[in-house]
Amino acid sequence: MTKRRLFVLWAVLSSLASAQVIAIRAGHLIDPEIGSSAANTIILVEAGKFTAIGPNVAIPAGAEVIDLSQYYVSPGLVDAHNHLALTYKKDPENNSYYLTTVMDSTAIRAIQAVSNGITMMNSGFTVVRDLGNAANYADSALRVAIEQGWIPGPTMINSGIIIGGMGGQFYPAPERASLVYPEYLDADTPDEIVKAIRRNILYGAKVIKIMVDAKPYGYTVDEMKLFIAESAKSGLKVAGHVQTHAGAMRAIEAGIWSIEHSIGLDDEAHKLMAQKGIWRVGTETPLSTYYSPNEERFRKQVEGMKNAYANGVKMAFSTDADYFIPGMTRGEIAIDFLKSWKAAGIPAAEILKIMTVNGYKVCDIYDRRGPVKVGLPADLIALRADPLVEIDALRDVGFVMKDGVVFKRDGLMTPGKFFHSGPVNGWRIR
């Protein structure tokens, strides 16, 4: 047999192997959109996508069968506000992320982001909306590496460099003004705004993030409308970091896609957000023994969550995780935010919907990825207990599949099939 024939045979066999059907026996398949589950469901996966779902689906001969008959199977979780390429610490920078950005290179932060992304997957997060503070586009590098098929990691909806007025979120000394970059892009005029947006899009951003009011000279309604219109040309949404009530009201008037953080939000803002369909990405941090506990701040956050829920505001699960807690992975830090949602008295079924369906929608991928539906990429997780009844079931994720590849089985990560060194999915991914 010639070398050419051997190569063709190898290619055909490789193609057949990669397209092997996987049949999942789900004890309970959860539909978080309607808050119910279906018993004894068969899920077929082929070429990384769901191909058939139902109780009477026939399992093809030769299919790989995965037995999750003792599990509750759910779509993967979403953290709608994380910073995988930033980890500030008590040692050596005393939890000052400004110092972290000066001391840690883009390269080291990109490697750190890989580790954080893997632990997010281990905790059941198959989608992460990564909103900046990623040095010189380490977030884009991570997304491309995941999409290429080189490493395991969640689907990334990344913002590139955060855009703000001069100084970004920092107050550097005049001699050190250049240290703001690459954490923030200064954009103080219409031309600079347009250029900053286009720069981020060029270097791989999938959402645009702006600093609405981090400085006294925050963005006006018209300036935010420019951000929205220019981003929309490329099909991107605008997320706004908001710190004040006045900034929130301007962002709402401008019609921003999402308001990040909840410090500036009140009943008035929530009512307007509900009317206009603006997403609330609140990042309410739970009480922690690692940091000095601020019970009054936590109480106000929880009251804000209750008010938003009562007003029918579209809410997303979000953490703003960008720090290190000894003994916890980034994924464990993220899932611990369940404490805040439980404290707000939001029912378990609603929390699960917020962590899945709402997450896909705020990431603007609902029709392309997330739900367990025929034709969509095969992402799912499996739990021993029913999260529709007890949301803390999400703390014990025993199985994770991403793009039809098993990442975690029987509680143990098995990521070997994710690692490749060549252009598995094509070099042209950007």
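## A tour of rings, pockets and a cavity

Select Phe170 and Tyr184: both are buried (under 20% relative accessible area; exposed is over 50%, partly exposed in between, with a 1.4 Å probe and protein chains only). This is a predicted model, in which local features need pLDDT of at least 70 and side-chain atom pairs count only at pLDDT 80 or more, while totals for chains, interfaces and linings use all residues. Residues are numbered from 1 along each chain as its sequence is written, and side-chain values use heavy atoms, with hydrogens and water left out.

**Stop 1: the aromatic rings**

A pair of aromatic rings is described by the distance of the centres and the angle of the planes. Rings of Phe, Tyr and Trp (its six-membered ring) pair if their centres lie within 6.5 Å; planes under 30 degrees apart are stacked, over 60 edge-to-face, and the rest tilted. By this rule there are 10 aromatic pairs.

Tyr97 belongs to helix 2 (residues 97-103), and Phe170 to the loop between strand 8 (162-164) and strand 9 (184-186), so the pair ties together parts 73 residues apart in sequence. Helices (H or I, at least four residues) and strands (E, at least two) are DSSP runs, numbered from the N terminus. Tyr97 has 19% relative accessibility and counts as buried. Phe170 has 6% and counts as buried.

How are the rings of Phe170 and Tyr184 set to each other? Their centres are 5.3 Å apart and their planes at 85 degrees, so the pair is edge-to-face. Phe170 is in the loop between strand 8 and strand 9, Tyr184 is in strand 9, and 14 residues separate them.

Now widen the selection. Tyr88, Tyr97, Tyr98, Phe170, Tyr184 and Tyr323 form one aromatic cluster.

**Stop 2: charges over rings**

Select Lys314 and Trp257. Lys314 lies over the face of Trp257, 5.8 Å from the ring centre. A charge sits over a ring if NZ of Lys or CZ of Arg is within 6 Å of the ring centre and within 35 degrees of the ring normal. Next, pick Lys361 and Tyr366: the charged end of Lys361 is over the ring of Tyr366, 5.0 Å from its centre.

**Stop 3: the pockets**

A pocket is an open set of points on a 1 Å grid over the protein atoms alone, with protein on both sides within 12 Å along at least five of seven lines; a cavity is a set where a 1.4 Å probe fits but cannot get out, and lining residues have an atom within 4 Å of a point. Grid points are joined across faces, edges and corners, and a volume is the space filled by probe spheres set on the points.

The largest pocket holds about 1,400 Å³. Of its 47 lining residues, Arg369, Lys402, Asp403, Val405 and Asn425 are closest to its centre.

The second largest pocket holds about 1,000 Å³. Select Thr283, Thr285, Arg297, Gln301 and Asp320, which lie nearest its centre among 41 lining residues. Helix 9 gives the most to this lining, with 7 residues.

**Stop 4: the cavity**

How many cavities of 30 Å³ or more are there? The count is 1. The largest cavity has a volume of about 50 Å³. Select its lining: Gly164, Gly165, Gly168, Met211, Ala214, Lys215, Tyr217, Gly218 and Tyr219.
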